[in-house]
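Thanks for taking a look at this one with me. Here are a few notes to read alongside the model.

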Amino acid sequence: MEIAGYLASVLIGVSLGLIGGGGSILTVPVLVYLFSIGTVQATVYSLFIVGVTSIAGSVSYFQKAWVDFKTVIIFGVPSVISVFLSRNFLLPAIPQKLIQIGSVIITKDNFIMLLFAVLMVGAAYKMIRKIQSENLSESNSGYLLVAVQGIIVGLLTGLIGAGGGFMIIPALVGLLKMPMKTAIGTSLVIIALNSLSGFIFSLHHTTIHWSFLLGVTAMAVIGIYIGSFFSRRIDGKKLKPAFGWFILVMGTYILAKEILM
């Protein structure tokens, strides 16, 4: 299973490099199901893997001036605050035994994975459908909605360890009418900022197995360079629906597994 886990780690990076998002939502399921890492611990590892991989992926976009730093600040500052609150207050407040109905017990780990599955289905929907630009110009109202979206993404990033690119890119394209390549580059920087902040906020109550974590991260970084290489030759927008269907199948599988186990 570990070999499958490392191969899946490459796929996470390939997705980020090729289509700018979606791959990070696979990180926690890969760690939990293929590497047998505890769910809460997996969210911490995921934050580091996604953060470092996103930094690696954003370099080429930065060099080509495809990163909008004004948007990074407007989206990122409320998002990081939300990550801090989520990692330090919301996640610890969830009890280990969340719900019990007769003999059926939903634990904290079950809840996180079920939430993950629901978000994977949502991510799949956004990938499969074509992003429709909303009738909003680059104005204060657009940026206000982007800031609100940042709070929501930060909350989810802190809670489940996913980067949230599937929510960030549609927000930047739909609300600010940002060109797709700039939206991808900006999204990668925001994801890196959120994820590494969340990882740092988690260090005081987590033991890190660095050799394992750095190994998985290295595979994901290799993947993002592979994805970036092919992105120059393949239109990522054409591959996005296919990857969306894959995410949909995985999300449905996790829902079934967590409900029936």
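**Notes on the model**

1. Residues 69-90 are 100% helix and 0% strand, with the end C-alpha atoms 29 Å apart. Helices here are DSSP runs (H or I, at least four residues), numbered from the N terminus. This is a predicted model, where local features need pLDDT of at least 70, side-chain atom pairs count only at pLDDT 80 or more, and totals for chains, interfaces and linings use all residues. Residues are numbered from 1 along each chain as its sequence is written, and side-chain values use heavy atoms, with hydrogens and water left out.

2. The unreviewed UniProt entry lists several spans as "transmembrane region", including 69-90 and 148-176; such annotations may be inferred rather than shown by experiment. Residues 148-176 are 86% helix and 0% strand, and their end C-alpha atoms lie 13 Å apart.

3. Which residues does Val189 touch, not counting those up to four places away in sequence? They are Ser58, Val67 and Val72, with contact meaning heavy atoms within 4.5 Å. Val189 sits in helix H8 (residues 180-202), while Ser58 belongs to helix H3 (residues 39-63).

4. Ser58 counts as buried because its relative accessibility is 10% (buried is under 20% relative accessible area, exposed over 50%, partly exposed in between, with a 1.4 Å probe and protein chains only). Beyond its neighbours within four places in sequence, Ser58 contacts Leu188 and Val189.

5. Ile73, in helix H4 (residues 69-93), is exposed, because its relative accessible area is 54%.

Terms used
Helices (H or I, at least four residues) and strands (E, at least two) are DSSP runs, numbered from the N terminus.
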